[in-house]
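Welcome! Below are a few exercises, each with a worked solution. Have a look at the structure first, then follow the steps.

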Amino acid sequence: MKPSSSFIMQIPKAELHLHIEGTLEPELMFALAKRNGIALPYASIDEIRAAYDFGNLQDFLDVYYQGAAVLQKEEDFYDLTFAYLAKAQTQGVAHAEIFFDPETHTARGIAFDTVVAGISRALDAGRTEFGITSKLILCFLRHLDASSAMATLEDAARHTGAIFAVGLDSSERGNPPSKFVQVFAKARELGFHVTAHAGEEGPAAYVHEALDLLHAERIDHGNHALDDEALSQELARRQIPLTVCPLSNLKLRVIADMRAHPLRTMLDKGLLVSINSDDPAYFDGYVGDNYQAVADALDLDQDDIIMLAKNSFRSSFLTQEEQQTAFAKIDAFVATEKIPSRD
Ligand code: HPA
Ligand code: ZN
């Protein structure tokens, strides 16, 4: 049965691949630029949106890092994060595991603690006001030296209560996971969980490295893992989650057309796949919009949507018990929708 758009939007879901700096909507970018007296290279909101035509990952990253320059004070990070949570609530998000890129900010002279304080305070408010639970994931910028990542990890070590895991993002090609082996070993020693972007533009070999050298518990994107059959089988056997981002893949030209998205192939191979938004302010949609886009293009039925929503919790860093509670919430939601389901 074809799922309605309200079913897709409202089904409880976890968002696991979301860069908080990628939720900076043009309206807020303008407001923060004004508040902080920062000049933007755009005359209007329309001009900003027109700049969001990317040929590849690097085109996007150049615009994304420039946009982040308006984030200066703790309240800016608070406002950014709170605005995301308010939007996420309208898209059925019950739990969010959120990336932030501290080196983007510390390189501009913003204190690490300012960034963490603003985001954490908004996550607390989101828990109270929207009932959205959350975890924070620090991403190291892979285009920078490992020494910068190691210094950032030292800052993170003072915030083990606020930061749950570490990840790896930014320009993938030419910056393999092997560059950060020592950083991730130290992060694991400190008790952080581990994830890593791999196989978005980079080859299947980078996915291998993320698993074998960084001991990643999940893979962010992972599209190119499909190029290596033995690797795909290993990912399926070990049920390593892949956090897939369909609208991101389209905007960054990882795929030519949404109908060519490998989601169905991934599911057919038994991979543990979830749907996520990556940088929703830049890629034309939040997480529910991503579910809708693949549902339309790949003709997903209601049971597919239910499975993807359950996969999102199964792929999360929530405890088994918390995951069971989430599955029960999904079942209760499906029951109230009163649309017959196969399971
Ligand atoms: N890939 C790598 N780095 C990123 C991304 C992404 O999709 N989004 C924000 N930083
Ligand atoms: Zn990402």
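**Exercise 1.** Find which helix gives the most to the shell around ligand 1.

Solution. Helix 4 (residues 57-67) does, with four residues; helices here are DSSP runs of H or I with at least four residues, numbered from the N terminus. Next, list the shell, taking residues with a heavy atom within 4 Å of the ligand: among them are L57, F60, L61 and Y64, along with D169 and E200.

A note on the basis: this is a predicted model, where local features need pLDDT of at least 70, side-chain atom pairs count only at pLDDT 80 or more, and totals for chains, interfaces and linings use all residues. Residues are numbered from 1 along each chain as its sequence is written, chains are lettered from A and ligands numbered from 1 in the order in which they are written, and side-chain values use heavy atoms, leaving out hydrogens and water.

**Exercise 2.** Find the polar atoms that lie by ligand 1, using pairs of N or O atoms within 3.5 Å.

Solution. Start with the nitrogen atoms of the ligand: one is 2.8 Å from a polar backbone atom of S170, and a polar side-chain atom of H19 lies 3.3 Å from a nitrogen. Then take oxygen: a polar side-chain atom of H221 is 3.2 Å from an oxygen atom of ligand 1.

**Exercise 3.** Find which residue pairs with D53 in a salt bridge (a side-chain nitrogen of Lys or Arg within 4 Å of a carboxyl oxygen of Asp or Glu).

Solution. The partner is R253, at 3.3 Å from N to O.

Notes. Polar contact = N/O pair within 3.5 Å; in protein donor to acceptor, adjacent residues only side chain to side chain. Helix = DSSP H or I, 4+ residues; strand = E, 2+ residues; numbered from the N terminus.
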